[in-house]
Amino acid sequence: MRTVLTLIAVVAAAAAEVNAQQGPAASSLCTTSVALPPPAGRGAAPIGAGAPAGRGAAPAVPAAEATRLVKVKDDVYVIQNVNNTVADIGQFGGNVTIYLTDAGALLVDSKNERMHDDIVAKVKTLTDKPISYVVLSHNHGDHAGGAAKMQAAGATVVISREDREQLAKAGQAGLPPVAYHDSLQLFLGGKEVQLREFCGHTRGDTVVVLPAARVVVAGDLVTTPDSIPQIVNYGDGGNWTDMSRTLDEIAKLDFDVLVAGHGPVLTKDAFLRHRDKVAAIRERVRALNRQRASQQEITDALLKEFNYGTGPAAGQIAPMMAELK
């Protein structure tokens, strides 16, 4: 049975602080561990892995022009990048979900540090209430890099205990003051927000359920379209076996709309098609691997059958072969 911890929104952030180092270490929800093979010298780094928190050269396109506000429900909006390209992720981060309540806004993810002002400006077009909570779907910089600024502005930042540990290892400033393991329940302005922890993209991904709105926010456990390929971050404990199991668990949830970590908002039917494609890619790699196909042969098959295997996906093939035997 899942342990449910309830935080009441009126509790001050300082009083709600839960340190990931306090108490016994949480057991990982991952069922599979993969020993990474030596780098093959090809392919891009996984999306968001080690992504900068917003420092460096200024983007060529102003942030306000590179992102757009998409209405999902009357009280749910998503800040999306205009261009669904991997190149834009480094500059402008991933999707941000905004949940409006009478007591303030709850955000899922924070993009990167340089996108803070754009996020705040877009929230202000929807409500005069403050940003009260920021839930991080995982620890990668394109989703969590702006968390310190959100915390400094007064928001309470929440992340899974496992991914908070990953942020601490990376030396990120302004670690989230609230960490949970397995599940968490929040109430803000009379609205319920459910957090459920899974393994897949990382060892501590958070899926956010908004029951009243019938919306699920999945972070990088789901990324579309093909220009932003679905990947796992093996270095952070993710793997395709657990990701597929997680997608099956998400499919059991009662929702109409799913917000992915990157790309457009999906209907449940569109999500199910994506889930099935991920499963098909996994099983195709497993079958070819057992036939002792080479990495190039597996890549060629995935490109032909699924349009999968270039960009960040190219770096997945070798560790997938190590995992899916």
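**Helix packing and aromatic pairs**

In helix 8, Lys277, Ala280, Ile281, Arg284, Val285, Leu288 and Asn289 are in contact with Ile298, Ala301, Leu302, Glu305 and Phe306 of helix 9. By residue class, this contact of helix 8 with helix 9 comprises eight nonpolar, one polar and three charged residues. The structure is a predicted model. In this model, the axes of helix 8 and helix 9 come within 10 Å and cross at roughly 150°. Because angles over 145 degrees count as roughly antiparallel, helix 8 is roughly antiparallel to helix 9. The crossing of helix 8 with helix 9 is right-handed.

Helix 8 (residues 268-290) also packs against helix 7 (residues 240-251), with axes that come within 10 Å and cross at roughly 155°. This angle makes helix 7 roughly antiparallel to helix 8. The crossing of helix 7 and helix 8 is left-handed, whereas that of helix 8 and helix 9 is right-handed. On the helix 7 side, the contact is formed by Trp240, Met243, Ser244, Leu247, Asp248, Ile250 and Ala251; on the helix 8 side, by Lys268, Phe271, Leu272, Arg275, Val278, Ile281 and Arg282. The residues of the contact of helix 7 with helix 8 divide into nine nonpolar, one polar and four charged. Ile281 of helix 8 takes part in the contact with helix 7 and also in the contact with helix 9.

With ring centres required to lie within 6.5 Å, two aromatic pairs are counted. Tryptophan 240 and tyrosine 308 form an edge-to-face pair, with a centre-to-centre distance of 5.9 Å and an angle of 85° between the planes. Tryptophan 240 belongs to helix 7 and tyrosine 308 to the loop between helix 9 (295-306) and helix 10 (317-323), so this pair ties together parts that are 68 residues apart in sequence. Both tryptophan 240 and tyrosine 308 are buried. Phenylalanine 255 and phenylalanine 271 form an aromatic pair that is likewise edge-to-face, at 6.0 Å centre to centre and 65° between the planes. Phenylalanine 255 is located in the loop between helix 7 and strand 13 (257-262), and phenylalanine 271 in helix 8; the pair therefore ties together parts that are 16 residues apart in sequence. With a relative accessible area of 3%, phenylalanine 255 is buried. Phenylalanine 271 also counts as buried, at 0% relative accessibility. Trp240 and Phe271 each belong to the contact of helix 7 with helix 8.

Strand 10 (residues 191-198) contains glutamine 194. Because buried means under 20% relative accessible area and exposed over 50%, glutamine 194, at 27%, is partly exposed. Beyond its neighbours within four places in sequence, glutamine 194 contacts Leu184, Val207, Val208, Val209 and Pro211. Of these residues, valine 208 lies 14 residues from glutamine 194 in sequence and 5.7 Å from glutamine 194 in space, C-alpha to C-alpha.

For the protein as a whole, 10 helices and 14 strands are assigned. Of its 325 residues, 54% count as buried. Among contacts with a separation of 6 or more, 66% are between residues 24 or more positions apart.

Methods. Residues numbered from 1 in each chain as written. Predicted model: local features only at pLDDT ≥ 70, side-chain atom pairs only at ≥ 80, totals over all residues. Heavy atoms only, no water. Axes fitted to C-alpha atoms, helices over the stretch in contact; angles between N-to-C directions. Helix = DSSP H or I, 4+ residues; strand = E, 2+ residues; numbered from the N terminus. Parallel < 35°, antiparallel > 145°, perpendicular 65-115°, else oblique. Left-handed = near helix turned anticlockwise from the far one by under 90°. Contact = heavy atoms within 4.5 Å. Nonpolar A, V, L, I, M, F, W, Y, C, P; charged D, E, K, R; others polar. Phe/Tyr/Trp six-rings, centres within 6.5 Å; stacked < 30°, edge-to-face > 60°. Buried < 20%, exposed > 50% of the residue type's maximum accessible area, 1.4 Å probe, protein only.
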